[in-house]
Amino acid sequence: MIRVENLVKKFGDFTAVDNISFEVPKGEIFAFLGPNGAGKTTTIKVLTTLLKATSGTVEVDGLNPMTHENEVRRRFGIVFQDPSLDQDLTAWENMELHGVLYHVPGKIRREKTETLLKLFELWDRKDALVKTFSGGMRRRLEIARGFLHTPKILFLDEPTLGLDPQSRNQLWTHVKRQNEADHVTVFLTTHYMDEADRVADRIAVIDHGKIVAIGTAEELKQKTGTRSLEEAFLALTGSTIRDESATSTDQLRQVAQMFRGGGRR
Amino acid sequence: MSAIYILWLREVKKYSRSRVQIFASLGQPLLYLLVLGFGLGPVFQKAGGGSYLQFMAPGIIGMAVLFTSVFSGIALLWDRQFGFLKETLVAPVPRLRIMIGRTLGGATVAMLQGTLIMIVCLVAGFRPASLLGIPLGFVFMAMIAVVFAALGTAIGSSLQDMQGFQLIMNFLVLPIFFLSGALFPLNNLPKALSFVTRLDPLSYGVDGLRAALIGVGYFGAVVDAVVLSAVAVGLLCLGAWRFSKIEI
């Protein structure tokens, strides 16, 4: 379902993704693990048409995301790592907008929105503007929105960041259900090893833009001679702490906070 | 179609919810209208130009439409920053439709703002030459709005962050306003200035508004409409192209 061969993505001199290759067959839950700045999000952005690869071959359901953007976009759903809601709209309006953009018919859209908002305990606040929501509520809304349509491939970029255990449980239950009932292929990244261990069929560990190991959780543990996935991960990637450099978007966010502090948002 | 509609609706909803900003954005045009209108009025009259308020009101309406529409396009930067842009960029909808929905939404908001200013002008003492001119005035307002909303989208798609914003404001938006003849008549200008005003799309917009509202035009309403339509098509293509190239 996803095939990546010798993918390289450079930003100027910096190589974010350095010659990686992997394949994800249909119906698999595939986890991409790596420290901060390892190249996980960049890979997802290339797969989801948001970035163009510097070199290498990428196929999503047999299609090249760089040349067949619209066909590829029709096949996947995504929950982003960082916020992507419109804060000046209500929860309900954000769901509506998403449903319309993803061609979910009106009746199904409204029914599913109700079910999902109730599931993630946002129904009482459906008519409140998102900017009044707490961080956790926003995160839950992003995830509810991600499940509004059923794609062939679901990308989850650190979906559980900032979620409470209840919502986390709901999320993975829902992902499992979609995977089993509708054979949705799932491509996820996370920092929580227990999650990867629990849901993923196969795991790739990426560090400094390179894939250092790939296989089932058991295989990774055997390979490194460790007992838990966490230990295996540390054995593979070392124990130094990484910093991501601030992107222009992050810098923009800071400027905006200065300008808008106490104002609209 | 539904994607264009929902993105258009989003712009209009956001505008109608920002009451404080609507009120605040009336300040600058009001200042021009009242201070310049009444301050320069006597001089203008002595020079044989008639009522300056009558002359300037269409220019101020044009200014309001210009600013609102360019900024609605540049608001793309806010969407980039707060992440919402990603949501629309990965949606299974051709980017052209997303761009059109946003641009039409921005143009609609600019027209609403222009209408508000027109009402303010009427309150301040502005009187259109004939009631029949008002619908034509709205047509020109719409053309100005589309031209500059498309320009705003092209700019917003090309900038990475807010650092370029001041540059755009001081070297593009303000010159477009000042060189448009919104504040002074276009006849008998020095050659160089006359040449530059002819390159400014807003000149034709303001001229069209004047032709419609006070019955006095320099280029003539037909020329204005043709030029504005051509520029609108050009800038929509530019905006669509820039928008299709966005990477996040």
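Biologist: How many bridges join strand 3 of chain A to strand 7 of chain A, and do the two run parallel or antiparallel?

Modeller: Keep in mind that this is a predicted model. Strand 3 (residues 29–33) runs parallel to strand 7 in chain A, and four bridges join them. One pair to look up is F32(A) with its bridge partner T189(A) in strand 7.

Biologist: Which strand pairs with strand 7 of chain A over five bridges?

Modeller: That's strand 6 (residues 153–157) of chain A, again in the parallel sense. Here L156(A) stands opposite L188(A). To get from strand 6 to strand 7, the chain passes through helix 6 (residues 165–182) of chain A, making a right-handed β-α-β crossover.

Biologist: Why is strand 7 of chain A described as largely enclosed by the rest of the structure?

Modeller: Count neighbours: a residue is buried if 20 or more other C-beta atoms lie within 10 Å of its own. Five of the five residues in strand 7 (residues 185–189) are buried, so the strand is largely enclosed. T185(A), F187(A) and T189(A) point one way, V186(A) and L188(A) the other, and all are buried.

Biologist: Now the two chains. How many residues does each bring to the contact?

Modeller: Chain A brings 31 residues and chain B brings 26. On the chain B side, helix 1 (2–17), helix 6 (76–82) and helix 7 (84–89) each supply at least two residues. Helix 1 of chain B gives the largest share, seven residues.

Biologist: What classes of residue make up that side of chain B?

Modeller: Sort them by class and you get twelve nonpolar, nine charged and five polar residues.

How values were computed:
Residues numbered from 1 in each chain as written. Chains lettered and ligands numbered in written order. Predicted model: local features only at pLDDT ≥ 70, side-chain atom pairs only at ≥ 80, totals over all residues. Buried ≥ 20, exposed ≤ 12 C-beta atoms within 10 Å, placed from the backbone. Pairing = 2+ DSSP bridges. Right-handed = clockwise from strand over helix to strand, strands pointing away. Contact = placed C-beta atoms within 7 Å. Nonpolar A, V, L, I, M, F, W, Y, C, P; charged D, E, K, R; others polar.
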